[in-house]
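Visitor: Hi! Could you walk me through this one while I look at it?
Guide: Happy to, just ask away.

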Amino acid sequence: MTLYEMSFTYEQSAEQLRRRIRQLEQAAHRTTDSHELRCIHRRLSALTPLLREAREMSSLCRHYYERSYHKNEKYTL
């Protein structure tokens, strides 16, 4: 599997994370239970960085070999 092909896997993961985050946000708006709301916010705070990293890795893998691509310094040595 090439890095370009791997980028689509990261993109799919990001889409799944986006869907789950949307579901949790909708559940947070519907709930009146404070304990459940805290649990939802805790889960959202765990999923949000995963979504950001999946999007960043998708972009990095897709454009890794392009000369003009400015790589994210977080993922380079």
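This is a predicted model: local features need pLDDT of at least 70, side-chain atom pairs count only at pLDDT 80 or more; totals for chains, interfaces and linings use all residues.

Visitor: Is Ser-7 buried or exposed?
Guide: Ser-7 is buried, and its relative accessible area is 0%. Buried means under 20% relative accessible area, exposed means over 50%, and partly exposed is in between (1.4 Å probe, protein chains only). Residues are numbered from 1 along each chain as its sequence is written, and side-chain values use heavy atoms, with hydrogens and water left out.

Visitor: Thanks. Where is Ser-7 found?
Guide: Ser-7 is in helix H1, which covers residues 3–30. Helices (H or I, at least four residues) and strands (E, at least two) are DSSP runs, numbered from the N terminus.

Visitor: And what does Ser-7 touch?
Guide: Not counting residues up to four places away in sequence, Ser-7 touches Ser-58, Cys-61 and Arg-62. Contact here means heavy atoms within 4.5 Å. The side chain of Ser-7 also reaches the backbone oxygen of Tyr-4, at 2.5 Å.

Visitor: What about Ser-58, buried or exposed?
Guide: Ser-58 counts as buried, at 6% relative accessibility. It is found in helix H2, the helix of residues 34–63. Leaving aside neighbours within four places in sequence, Ser-58 is in contact with Ser-7, Tyr-10 and Glu-11.

Visitor: Switching to the histidines, how accessible is His-29?
Guide: His-29 is exposed, with a relative accessible area of 73%. This residue lies in helix H1. His-29 and Thr-9 are 20 residues apart in sequence, and their C-alpha atoms are 31 Å apart in space.

Visitor: And what is the relative accessible area of His-41?
Guide: For His-41 it is 45%, so this residue is partly exposed. His-41 lies in helix H2. Between His-41 and Met-1 there are 36 Å in space, C-alpha to C-alpha, and the two are 40 residues apart in sequence.

Visitor: Let's zoom out. How many helices and strands does the chain have?
Guide: The chain has two helices and zero strands. Its radius of gyration is 16 Å, well over the 11 Å that the globule rule gives for 77 residues, so the chain is more spread out than a compact globule. That radius is taken over C-alpha atoms, and the globule rule is 2.2 Å times the number of residues to the power 0.38. The C-alpha trace spans about 50 × 20 × 20 Å along its principal axes.

Visitor: What share of the chain is buried?
Guide: Buried residues make up 23% of the 77 residues.

Definitions and conventions: A polar contact is a pair of N or O atoms within 3.5 Å; within protein, one must be able to donate a hydrogen and the other to accept it, and residues adjacent in sequence count only if both atoms are side-chain atoms.
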